[in-house]
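Please read the points below with the sequence and the model in view.

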Amino acid sequence: MSVWESVGSPYIEAATAALPLHRLVLFASGFVGALMVKAQTHLSIVETLAQSKLSSFMTLQGSPLGSATVGDLLVGIGVVITGWAVSRSLVWCVFALAARATDLRKRAQQVVQPVQGPDAAPERQAAIEVIDTSLEEPRSRLRVLNAFAELCCGLGVALLVAAFWGNVLDVAAGLASLGLGLVLVVAAVHLFLSEYFGPATMMAKLQGRPWPSPLSPK
């Protein structure tokens with residue numbers, strides 16, 4: 001095995017886990033959006049971006065990229081942080097409302113309290129593996145929904161901020177993106193409660209771990 005295969009592959013896996021694709025898209029959107037504000041050619045920032053020629057991004061000389069500053073990079077980073085923070089806040093709010101409306105915690109405690117799991121360690125581990133296997137598909141769907149919700153929330157806030165230099169088109173696009181983000185959050189919470197929470201709670205009980213979270217399915 002080469003040095004790259006032994007060191008490079010794990011490094012790439014760790015990097016992509018820390019900065020997944022949707023956050024790279026958010027960073028690029030914030031960075032390019034900041035450039036469009038400075039190079040605005042239409043009343044709307046969205047329209048300015050839509051009408052920009054791709055060739056203008058292929059060179060630095062006399063292009064928006066040529067006028068990029070550290071501040072533009074910080075805007076991109078800020079959009080990533082904003083998307084993460086807003087989506088997490090929405091998930092917790094929607095989840096808290098759903099949990100209160102259904103008395104979720106009390107019902108879950110009543111279900112799992114009598115279940116101590118198998119006494120023998122091998123039997124307990126086998127039960128955990130069976131449950132974990134059944135959670136793979138809803139866990140994957142939950143992560144996808146959370147990722148797209150984060151993307152929409154970040155873009156929505158960025159567009160509403162850009163509307164300060166733009167017009168009603170930017171406001172409409174921002175509100176639509178935030179609305180879609182909220183829909184995705186509701187879908188994620190519904191999936192978490194209907195397909196993930198019960199088995200994951202049972203597995204957490206067997207492992208002695210805290211309650212499962214809709215934000216970090218494990």
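1. In this predicted model, helix 4 covers residues 70-102, a run of 33 residues. At 1.5 Å a residue, helix 4 should span 48 Å, and the distance of 48 Å between its end C-alpha atoms therefore agrees with that expectation. Helix 4 is followed by D103, whose phi is positive, near 55 degrees.

2. Which residues of helix 4 are buried? They are D72, G76, V79, V80, G83, S87, V91, V94, F95, A98 and A99.

3. V75 also has its place in helix 4. Its relative accessibility is 38%, so V75 counts as partly exposed, the range for that class lying between 20% and 50%. Neighbours within four places in sequence aside, V75 is in contact with G30 and A34. Between V75 and L35 there are 9.9 Å in space, C-alpha to C-alpha, although the two are 40 residues apart in sequence.

4. The largest nonpolar core comprises 25 residues, and L135, V185, V189 and F192 have the most contacts inside it. Two or more residues of this core are given by each of helix 4, helix 6 (121-134), helix 7 (136-162) and helix 8 (168-207). Helix 8 provides the largest share, eleven residues.

5. With its neighbours within four places in sequence left aside, F192 is in contact with F95, L142, F197, P212, S213 and P214.

Technical notes: Residues are numbered from 1 along each chain as its sequence is written. This is a predicted model: local features need pLDDT of at least 70, side-chain atom pairs count only at pLDDT 80 or more; totals for chains, interfaces and linings use all residues. Side-chain values use heavy atoms; hydrogens and water are left out. Helices (H or I, at least four residues) and strands (E, at least two) are DSSP runs, numbered from the N terminus. The expected span of a helix is 1.5 Å times one less than its number of residues. Buried means under 20% relative accessible area, exposed over 50%, partly exposed in between (1.4 Å probe, protein chains only). Contact means heavy atoms within 4.5 Å. A nonpolar core is a set of buried Ala, Val, Leu, Ile, Met, Phe, Trp, Tyr and Cys residues joined through side-chain atoms within 4.5 Å.
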